[in-house]
Amino acid sequence: MARLSLPALYARTARAAIAGSAADRANLTLQVFGMLINNGFMLTLWVLFFAGFHSVGGWRLRDMALLTGLIYAIAGVAGVAFGGYRDMAATILNGEIDALLTQPRPVLARLLSRDSLPIAWGDLGTGLAILIAFAGLTWRDLPALAFGWTCGLIVYLSAAVTFASLAFWVGGARSLARDLTDFMILMSTYPGSIYSGASRAIAYTLLPAGFVVLTPVAFLRRPSLESAAMEAAAVIVYAALAAGVFHFGLTRYRRGASPLGAG
Amino acid sequence: MKSTPPSEPHLADIARSALAGARAGAGQTLAGWPVLLGRAVFYVLLLTVLTALWDKVSTEHLPGGLAGALPRQGLTLYVGVTEWVALSIPAIHLRLEDDIRGGALEAWLLRPKSYLVQRVAEACGGMVVRLAATGVAALLFLAASGRAWPPLEVLGLLVVVGPLAGVIGVLLLTLAGLSAFWARRTLPVMLVIQKMLFLLGGLFAPITLYPTWLARLGAFSPFAAHLYYPAVLTLQTAAGPGLRDMALAALASQIAWTLLLGGLIAVIWRAGVARVLRGEI
Amino acid sequence: MPPVISVQALRKDFRYPRQGKGVAAAVRGVFAPDYQTVHAVDGISLQIGEAERVAIIGPNGAGKSTTLKMLSGVLEPSGGTATVFGLTPWRQRSALAYRIGVVFGQRSQLWAELPVRASFDLLGHIYDQRGPDAVARREDLIARFDLGPLLGQPVGRLSLGQRMRCEIAAALLHGPDLLFLDEPTIGLDITAKAAIRDFITQNAAGAGQTVVLTSHDTRDIELVCDRVIVINQGRIVVDQPTEQLRRQFLAHKLVTLHAPGRTVTLDLPGVTRRASEPHLAVFEIDTRLVRVEHAVAAALEGGGIEDITIEDPPMEEVIREIYASV
């Protein structure tokens with residue numbers, strides 16, 4: 001019997017989740033368009049802002065557009081193809097991983113691919129539109145964009161998985177994990193030049209907005225081996241952290257030490 | 001004594017039940033203190049980011065830019081007040097949506113006390129508690145980041161204008177909630193209100209920085225009474241005629257909009273309840 | 001032949017932080033939590049052979065689900081040993097997964113928004129099911145569980161009974177030799193329960209599968225299993241053939257009669273009055289002495305009966321009775 005590789009299996013389960021999220025067409029359309037309008041409005045505010053102030057610590061509108069486009073595109077892909085991350089803490093707390101543990105393939109992959117968020121298509125759409133129309137990118141930037149997008153996505157998902165894994169230790173982790181993820185997005189939607197001191201430290205550690213968008217943006221504007229290496233290192237560190245925390249959490253869960261009911 | 005059924009409830013009765021509702025709302029909000037704490041943390045984080053943004057902007061005086069139009073002391077206090085008010089409004093629209101669409105409203109209509117007065121009063125009670133908690137967080141944030149507190153006169157005015165601003169916020173969300181009589185979800189109306197808060201209410205920046213026509217439109221909207229007018233008080237450096245005029249403008253706008261929104265809500269409520277009684281929901 | 005499942009002195013303890021009241025206690029709880037230990041499974045030993053159908057029963061919180069979770073590799077025990085097909089479940093989880101099928105009655109393993117067929121396809125990939133054998137097994141299950149008309153429907157729109165049939169078929173797609181069923185009939189109506197029981201019995205008999213199910217419904221045990229293990233407070237209280245247990249402890253039915261007249265009487269050997277209120281009486285029928293149909297017929301003959309309900313005694317009562325006899 002041929003065994004499907006993990007990426008191939010992931011693609012199949014994620015495709016199933018996407019098909020499931022698209023089952024209610026009216027809801028999907030409403031959410032996608034709602035998100036498009038919402039994101040478009042926020043961009044308009046920034047356009048007005050930069051029309052008035054021209055620059056924030058060296059950041060101009062096209063830099064802001066690159067940042068906004070990138071974070072929307074990252075949140076979009078995360079929500080569409082890895083949508084299970086959003087409610088992962090609740091999934092853990094509800095004991096829904098029991099069934100996955102009786103099955104042969106890796107649990108984390110199954111958790112991430114169990115859901116797909118309709119609004120994420122709206123994020124992805126706005127993200128791409130902004131990147132194409134306002135970010136001042138050319139074809140030559142495409143490889144750097146692909147690099148930054150992929151790395152930012154991995155750091156974002158890794159941080160979100162780490163936050164959700166807190167559910168293995170803390171009963172109230174559901175809203176905590178969501179809040180931390182939302183804070184990370186919030187910090188990722190402002191010009192990087194505004195952070196200094198403590199806020200800069202937070203943006204490059206606890207809520208890694210720095211590695212989700214700021215370093216990728218810097219790399220796109222001035223590609224250098226140094227910023228590429230830094231981003232790659234961040235990807236490895238955050239992915240390893242997420243895998244480690246999830247693994248330890250799962251071990252703890254299977255020992256029955258997690259804050260969950262037992263039958 | 002003849003026992004005639006009361007034709008109209010007395011104003012004093014309504015006030016009493018509103019007070020009881022407000023007290024219940026405040027008590028519930030206090031009981032959920034971890035949520036309250038989380039809200040304060042969120043507020044501080046948001047303030048950190050927004051303050052950093054405006055500080056950076058005001059250090060750059062590019063030719064032709066608006067930065068020169070920014071107040072000398074920065075926008076920290078302005079942004080602090082808008083978010084202080086905006087984050088303190090309980091999600092009464094979701095409550096109304098649940099009750100109207102979930103059928104709980106019908107049971108309420110049988111009782112003598114007004115459902116709407118009760119819910120709005122609860123929301124106002126919760127709002128005051130949140131204002132207090134977030135207000136303390138704001139003062140701590142200012143102290144910790146080495147910034148000056150607003151002058152005592154301004155603080156005193158905020159204690160009055162802040163809750164009034166909160167009432168307008170509750171009324172705006174009540175309007176959104178009442179849309180549940182006609183639509184399954186209140187979210188669309190809610191999103192429109194949120195956008196208006198940015199555009200006309202000065203949530204992002206003082207509306208005076210916008211094009212003149214937009215600023216003028218904003219100044220005469222309930223959204224400015226909700227956020228801009230209380231916040232702009234902090235841009236007055238000292239007590240004096242400037243501050244007094246500002247405070248009067250704020251109070252006038254807030255009182256006028258409280259009455260107008262209240263009347264509008266009463267009309268819409270009647271129409272909505274009529275729909276329920278006709279069995280159209 | 002070596003047993004399929006072999007368990008020695010298996011234990012599982014859970015630790016819960018004791019929650020105090022108020023802010024001070026909550027803060028203290030974060031830094032110096034005060035733990036309370038619950039022995040969910042407290043030294044269980046058993047052996048289950050090939051093609052045996054075993055029910056593990058007991059009241060809520062007795063440790064049945066925890067035992068099942070340890071045997072299927074979900075949970076690690078606090079002590080003791082267990083092997084399933086010679087594997088240690090919690091250490092060789094993936095290898096074991098291919099040989100067992102698991103159904104959790106309260107959780108779905110299917111994709112709610114998608115048609116049943118899509119869930120079967122996905123599970124096929126998860127368990128590496130390709131080739132003619134897998135196709136034949138799948139077709140056979142679809143025929144046996146009568147799923148043909150359901151295949152194209154989204155799982156979320158099925159009735160609970162239909163969904164449960166799909167869940168069990170899904171757990172059998174990879175041809176496991178051992179089937180774990182955790183409360184497979186929970187929440188189902190009487191007809192759906194009966195249908196599920198039929199499917200389980202027929203399937204197990206046909207495929208020579210070992211079945212271990214947990215339930216708190218005594219009918220599940222009687223109709224599906226050859227052997228019953230009663231667990232209470234984490235310990236095995238009784239382990240014996242169903243037939244024997246039935247004769248000893250499940251030989252009673254409760255019949256409630258409603259009548260417009262003030263008193264309700266039923267005088268037969270083997271019938272005892274358990275409770276009575278105006279217009280209502282509950283009788284316990286000893287089915288070794290009198291058949292339920294006879295008792296009911298006798299009651300109806302008397303006339304004036306408005307309503308009749310027939311029930312099994314609650315599980316707790318059966319357990320109490322078993323305890324009293326040990």
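## Two interfaces of chain A

Between chain C and chain A there are four salt bridges (a side-chain nitrogen of Lys or Arg within 4 Å of a carboxyl oxygen of Asp or Glu). This is a predicted model, in which local features need pLDDT of at least 70, side-chain atom pairs count only at pLDDT 80 or more, and totals for chains, interfaces and linings use all residues. Residues are numbered from 1 along each chain as its sequence is written, chains are lettered from A in the order in which they are written, and side-chain values use heavy atoms, with hydrogens and water left out.

**Exercise 1.** Describe the interface of chain C and chain A.

*Solution.* Step one: take one of the salt bridges, Arg105(A) with Asp128(C), where the closest N and O atoms are 3.5 Å apart. Step two: count the residues in contact (heavy atoms within 4.5 Å), which gives 32 from chain C and 31 from chain A. Step three: find the buried area (accessible area, 1.4 Å probe, that two parts lose on being put together, summed over both). For chain C and chain A this is about 3,100 Å², with 53% on carbon and sulfur atoms.

**Exercise 2.** Work through the interface of chain B and chain A in the same way.

*Solution.* Step one: look for salt bridges between chain B and chain A; the count is zero. Step two: count the contacts, in which 26 residues of chain B meet 24 residues of chain A. Step three: read the buried area, about 2,200 Å², of which 83% lies on carbon and sulfur atoms.
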